[in-house]
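Q: Please take me through this structure in short questions and answers. I want each label set against its cut-off.

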Amino acid sequence: MITDTKEIAERLRTEADYWRDYNENDTLFDWWHYDFVESVLTAFDIHNLDMHVYALFDKLADLIDPQSI
């Protein structure tokens, strides 16, 4: 199990990049296992199923390792 928060954030951002580059139009509603997605979204208090998948990974990464703008 990975415990380094910067590594976790980097993995989440890598996943976000994948979705952004290859499945840009996929939304959270498009994921195949609705129950899992609903559980994850509930845990993070995210209710917008029209959100792009890459945006979710970016939000999760920022929770772990916020980037200054």
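Q: Where is the place of Asp 30?
A: Asp 30 sits in the loop between H1 and H2. Helices are DSSP runs of H or I with at least four residues, strands are runs of E with at least two, and both are numbered from the N terminus. This is a predicted model: local features need pLDDT of at least 70, side-chain atom pairs count only at pLDDT 80 or more, and totals for chains, interfaces and linings use all residues. Residues are numbered from 1 along each chain as its sequence is written, and side-chain values use heavy atoms, with hydrogens and water left out.

Q: Why does Asp 30 count as partly exposed?
A: Its relative accessibility is 44%. Buried means under 20% relative accessible area, exposed means over 50%, and partly exposed is in between (1.4 Å probe, protein chains only). Asp 30 therefore counts as partly exposed.

Q: How far apart are Asp 30 and His 52 in space?
A: They are 9.6 Å apart, C-alpha to C-alpha. In sequence, 22 residues separate Asp 30 and His 52.

Q: Which elements does the protein have, and how do they run?
A: There are 3 helices and 0 strands. From the N terminus on, the order is α-α-α.

Q: Is Thr 27 buried or exposed, and why?
A: Thr 27 has a relative accessible area of 14%, so it is buried. Its place is in the loop between helix H1 (5-22) and helix H2 (34-43).

Q: What does Thr 27 touch, not counting residues up to four places away in sequence?
A: Thr 27 touches Leu 49, Asp 50, Met 51, His 52 and Val 53. Contact means heavy atoms within 4.5 Å.

Q: Which residues of H3 are buried, and what do they line?
A: They are Val 53, Leu 56, Phe 57, Leu 60 and Ala 61. Seen down the axis of H3, these buried residues fall within an arc of 130°, so they line one face of the helix. The arc is that of the directions from the helix axis to the C-beta atoms.

Q: What makes the contact of Lys 6 and Asp 65 a salt bridge?
A: A salt bridge is a side-chain nitrogen of Lys or Arg within 4 Å of a carboxyl oxygen of Asp or Glu. The side chains of Lys 6 and Asp 65 meet at 3.2 Å, N to O. Lys 6 lies in helix H1 and Asp 65 in the segment after H3, so the pair ties together parts that are 59 residues apart in sequence.

Q: Why is Lys 6 called exposed, and why is Asp 65 called buried?
A: Lys 6 has 53% relative accessibility, so it counts as exposed. Asp 65 has 19%, so it counts as buried.

Q: How far apart are the closest N and O atoms of Asp 65 and Arg 13?
A: They are 3.8 Å apart, and the two residues form a salt bridge. This pair links distant parts of the chain: Asp 65 is in the segment after H3 and Arg 13 in helix H1, 52 residues apart.

Q: Why does Arg 13 count as buried?
A: Arg 13 has 13% relative accessibility, so it counts as buried. Leaving aside neighbours within four places in sequence, Arg 13 is in contact with Ala 61, Asp 62, Asp 65 and Gln 67.

Q: What separates Arg 20 and Asp 17 in helix H1?
A: They are 3 residues apart, which means about one helical turn. Arg 20 forms a salt bridge with Asp 17, the closest N and O atoms being 2.6 Å apart.

Q: How many salt bridges does the structure hold?
A: The structure holds 6 salt bridges.

Q: Why does Phe 44 count as partly exposed?
A: Phe 44 has a relative accessible area of 40%, so it is partly exposed. Phe 44 lies in the loop between H2 and helix H3 (53-64).

Q: How much of the protein is buried?
A: Buried residues make up 26% of the 69 residues.
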